[in-house]
Structure formats: structure tokens, C-alpha cells
Amino acid sequence: MPPISETAFETLLAQTGIPFDAAQKKMLHTAYPMLAAMIERVTAPMPREAEPALIFHPEIG
Amino acid sequence: MFTIAEASKLIGDKQLSPVELTQSCLAQVKKLNPTLNAFLLVTEERALADAKAAEARIMAGKGRGPLDGIPIAHKDIYNTAGIRTTGHSKLLQDNVPTADSTVVHKWAEAGTTLLGKLATHEFAMGGPSFDLPWPPARNPWNPEHFTAGSSSGTGAAVASGMIMGGTGSDTGGSIRGPSALCGIAGIKPTYGLCSRAGVLPLSFTLDHTGPMAWTVEDCAILLQAMAGHDPSDPASADRPTPDFTTNLSNGVKGLRIGVVRHFFEQDNPVSPATKQGIDHALEVYEHLGAEVREVKLSSLADYNAPGWLILLSEAYAVHEPWLKTRFNDYGELFRDRLALGGLIRASDYVQAIRRRRMLCLELKEAMADLDILVTAAAPGEAAKITEVPKWLMLEKPNFTMPFNVTGSPAMCVCTGFGTGGLPVSMQLIGKPFDEATLFRAGHAYETAMGWRKQRPALAGA
């Protein structure tokens, strides 16, 4: 996964609605590649029929 | 110092007074808590009232069972009626619930005496933090060192003999991490076995409640009083509660044990003492008649990735309203770690839960002809409390998250001591709802070894 640009990262941060200051933004930008590596790992191809782990129970106990 | 099993027998035989036992634990709290910071709140009056009531019941021949008169405390994310429950956070520092969580109620009904509320990492994820209203718990084997988290106060309080057992919660390892670094036993039961109703949530599909104690046997006794269906927890399993103690001493002859060696040799290499402890434990099991063989799973990183993406996404959803309005009221570690959850796209979360199911199926297949797995619980001895990296969970895959992802029961057992006299540990993993086999294996190892005779020097045992 290519490194995220500062502009693209600014957009991601803005979507959260959290009032980050400049130092917090910089610190999160430093950590983001580790998160991106995890995302890359889970988005590797899976069989189309692979179902999520969630099970919906229609009858509320 | 007694174990719960020992104290329970003495109390039942009227040779030990619950009031005197509680007073002795309270004295230990007064002596050690200023150093260890394990308690956020000590409920001395409540503890003594509980102990007197237990003593009266027992003298009248109306004892409630093995936990009657046993001193315990709860992690401060468990709601306690009329008693402050803070999540170790400024955001809830004046929060007083009106009802007990299900587990708190169940342990009270079993006759326990409540000594107070225990330190946690902020909202069960943030520590070790030095910018919260209360300081972080410290390791009784060396207070300069980390307890791990997030059930940090429970780990410190049990190891130092302030309490005989306590509650933890485990979303990515928060029972097993502190159990490992504090040298005690702790079990994350199967997802759905123990109620989470009335416990502050972190991540709905990964959160587990469970007990921590000095021995495996004590964990079995505590879990017996904790497990069971609860309609107020939507994830609670509607099935009978197994008996965890009857077959505890049946040994491991014929038990089939799989070793996930690549987790702790290649994926995240452990300290020499940790590896030596696991290898020796496997020799002990073989000597006791178990069959040991190696098993291969996906990498630790493959299990950690969906785990952390699910955890951060769900925790972000829980905290989003406060993150937007009170961001700087959180401690730095929790706030910064959790902020990453807001950067995960919905489709990435869905892919993570799809991946999770594939890993559940992989583990099920790998354990088809095995009874338990053995692997590491922690990479090594406790680090200094001032040297824990903010992004530790992203930098290296941990050994505990895989079994939050799969929901399997997993337990820590102390395997001795390493550098600086600090404890090391192994992790035993069972099939869903087969905690009884885990307890049998853990108890067999503890009985064969002498580690349970050694308490931290400052505990004064």
C-alpha cells in the first residue's frame, strides 16, 4: 500500500469531526502506516462467499 | 497467604474467620496500595459488613459455598450500585451506578466480601497513563515495572495478596497480559459464557469478562460463580454452565496438546526465560502422560490485524460522542490510540469480520484432533512502566488477540521467573465452552511445579 499523502490524511482526519491540533495530526500521521498495514492484511482477496463472523438473531432474548 | 480453595476449606471448618481474613487483606491494602496503586477506591465498611454477614451465615450453618467470606475486588469498569465506577477516567470520575453489573451481583450472592474498585487502563485500553485522576498500577514483583493491562489493578492486587481474586475484562488480552506479567492465573472464558451486562464496553464483539486469582483452581472456583446465561447480555450463550472443579485433579494423561511454536519463535520471538518456561512445561506434560505435537496456524499478524481493526472500530463507535466533544479530557494514550479507529473505513471493518470467520474456521480445523493448544502469553518479562511504547499494539502482534478473534477460552499460567526475578508465563487455549479441560491442564502443571509457593517479596509472605 503506497504511503498516504498529507492532504489525503488531512481529509481522513477531517471526516472524524474531532478537533485535533497540529501536533496530534502529525503524531497520528506517523502511526497511520502501521494501521494501513493491518488494513492491507485483512483486505487481501477472500472467497466471495466468505461470510462475516456476525450472526443476526431475529428473536431477541 | 491462603488460596481461595484453602481459605474456603478453613472457613467451612470454622477454623478461619471471614472477618479476620478480610481484616488481614485490608491491612495488606493499607500497607501496599500507596506503592502499587492497585485500588482506586477501598470500600472498607462494605468489606467488613460483608465479612460479618458471611461469618454469621457460616456459624449458623447456612454458608453459601466456596466463595462465602472470600475477599475480592472488581476492575473499575464493572458497575457497582452506589459505589463509584470510573473506567479510570476523568470522564466518569463522579459516576455512581444505581445497579450492579450481573457478575458483581453473582459474586455478591456467592458470599464474597467486596474490598473495592481496582485500577484499569483508561476504559480498558489506554495505559500505562500518568495523566489521569489516578496513577497507574505497578508490578508487585518490582514496582518500577509494568503490570500490563488493562486489568492492571487486579493483577497487582492478587499477586500481592491484597485480595484473593478479582474480576478482569479481556478484549485483546487484558486478563491474560496482567496475569502473565504479575505471575498469577487468569482466564478469558469462551465468548458468551460470562455476562458483560453492566460492564463498560470497549469492543462489543471482542469483550469478555473473566476471573483472575493466584491459582488455576481459584480461577475455576471464581468462574463457577460468574458463568451462566444472562438475557441482558445480547452475546450471552444460552446453555447450561459446566462444572469446572469436579474433574480438576484428573491429570493430563492422554490429553492431546498442540504447540503453536511459530507464534513465539518466528512471528514474535519471546525472551529466553519465556521460551524455556514453555519448553519445560511441555516436557512436564509429556512426563504426565499427555501427547504433545506441533501445530501450524496463520501468522500472529494475520490474527492481530482483524482483531485490532475490529477493536478500534467498535471502540471508536462507543466513544465517538465524547471524542468529538471532550477529546482532551481523555488521557493521551487512550485518546490517541482510539483516534485511529475513526480512520478505518466501513468496508475495511467488514473485511475484518469476514477474515475473522475464516480464522475461526482455521482454528477449529487445527484443533479437530487436539484438546488444547499451548503458546506464549507475553513476549517476556515486564518492561519498565515508563518505557511502554504508545503504539505497542501496532508495532508487534501480541499472543492474546488471536483468541479474542476466535472467542476461544484462553488462560495464563505462571511458568517461573526470568530476568530481574520477574514472572514469565504460558498460555493454554481450549475449544469453545471447554474451560474444564483448560483448568485440568493448568492445575496439573501448577501442582507439578512449585511456582505458587513464591510471592513477591514486598507482599511479605
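## A loop, a helix pair and an interface

S150(B) lies in the loop between β3 and α5 of chain B. The structure is a predicted model.

**The loop between β3 and α5**

The loop that holds S150(B) also holds P128(B), and it runs between β3 (113-118) and α5 (152-159) of chain B. A cis peptide bond joins G127(B) to P128(B), with omega near 0°.

Backbone phi is the next point. F123(B) is not a glycine, yet its phi is positive, about 50°. A124(B), also a residue other than glycine, has a positive phi near 70°. Where do they sit? F123(B) is in the loop between β3 and α5 of chain B. A124(B) is in the loop between β3 and α5 of chain B too.

Is F123(B) buried or exposed? Its relative accessibility is 4%, so F123(B) counts as buried. A124(B) has 7% relative accessibility and therefore counts as buried.

**Helices α9 and α15 of chain B**

Two packed helices are described by the angle between their axes and the distance between the axes. Helix α9 of chain B covers residues 272-287, and helix α15 of chain B covers residues 435-448. They pack at an angle of about 100°, with their axes 10 Å apart. α9(B) and α15(B) are therefore roughly perpendicular to each other, since angles of 65 to 115 degrees fall in that class.

Which residues make the contact? From α9(B) come A281(B), V284(B) and Y285(B). From α15(B) come A441(B), G442(B), Y445(B) and A448(B). By type, the residues of this contact are 6 nonpolar and 1 polar, with no charged residue.

**Chain A against chain B**

The size of an interface is often given as the accessible area lost when the parts come together. Here chain A and chain B bury about 3000 Å² between them. Carbon and sulfur atoms carry 73% of that area. The contact draws 31 residues from chain A and 38 residues from chain B.

How many salt bridges link chain A and chain B? The count is 1. The side chains of R41(A) and D302(B) meet in a salt bridge, at 2.7 Å from N to O.

Two residues of chain A touch chain B at named positions. Q24(A) is in helix α2 (residues 22-42) of chain A. Beyond its neighbours within four places in sequence, Q24(A) contacts P19(A), F327(B), N328(B) and R335(B). A50(A) lies in the segment after α2 of chain A. Its contacts, again leaving aside neighbours within four places in sequence, are R354(B) and M358(B). From I18(A), A50(A) is 32 residues away in sequence and 34 Å away in space, C-alpha to C-alpha.

Why does Q24(A) count as buried? Its relative accessibility is 6%, and buried means under 20%. A50(A), at 15%, counts as buried on the same cut-off.

**Buried residues named above**

| Residue | Relative accessibility |
|---|---|
| F123(B) | 4% |
| Q24(A) | 6% |
| A124(B) | 7% |
| A50(A) | 15% |

Terms used. Residues are numbered from 1 along each chain as its sequence is written. Chains are lettered from A and ligands numbered from 1 in the order in which they are written. This is a predicted model: local features need pLDDT of at least 70, side-chain atom pairs count only at pLDDT 80 or more; totals for chains, interfaces and linings use all residues. Side-chain values use heavy atoms; hydrogens and water are left out. Axes are lines fitted to C-alpha atoms, for helices over the stretch in contact, and angles run from 0 to 180 degrees between N-to-C directions. Helices (H or I, at least four residues) and strands (E, at least two) are DSSP runs, numbered from the N terminus. Angles under 35 degrees count as roughly parallel, over 145 as roughly antiparallel, 65 to 115 as roughly perpendicular and the rest as oblique. Contact means heavy atoms within 4.5 Å. Ala, Val, Leu, Ile, Met, Phe, Trp, Tyr, Cys and Pro count as nonpolar, Asp, Glu, Lys and Arg as charged, and the others, Gly among them, as polar. Buried means under 20% relative accessible area, exposed over 50%, partly exposed in between (1.4 Å probe, protein chains only). Buried area is the accessible area (1.4 Å probe) that two parts lose on being put together, summed over both. A salt bridge is a side-chain nitrogen of Lys or Arg within 4 Å of a carboxyl oxygen of Asp or Glu.
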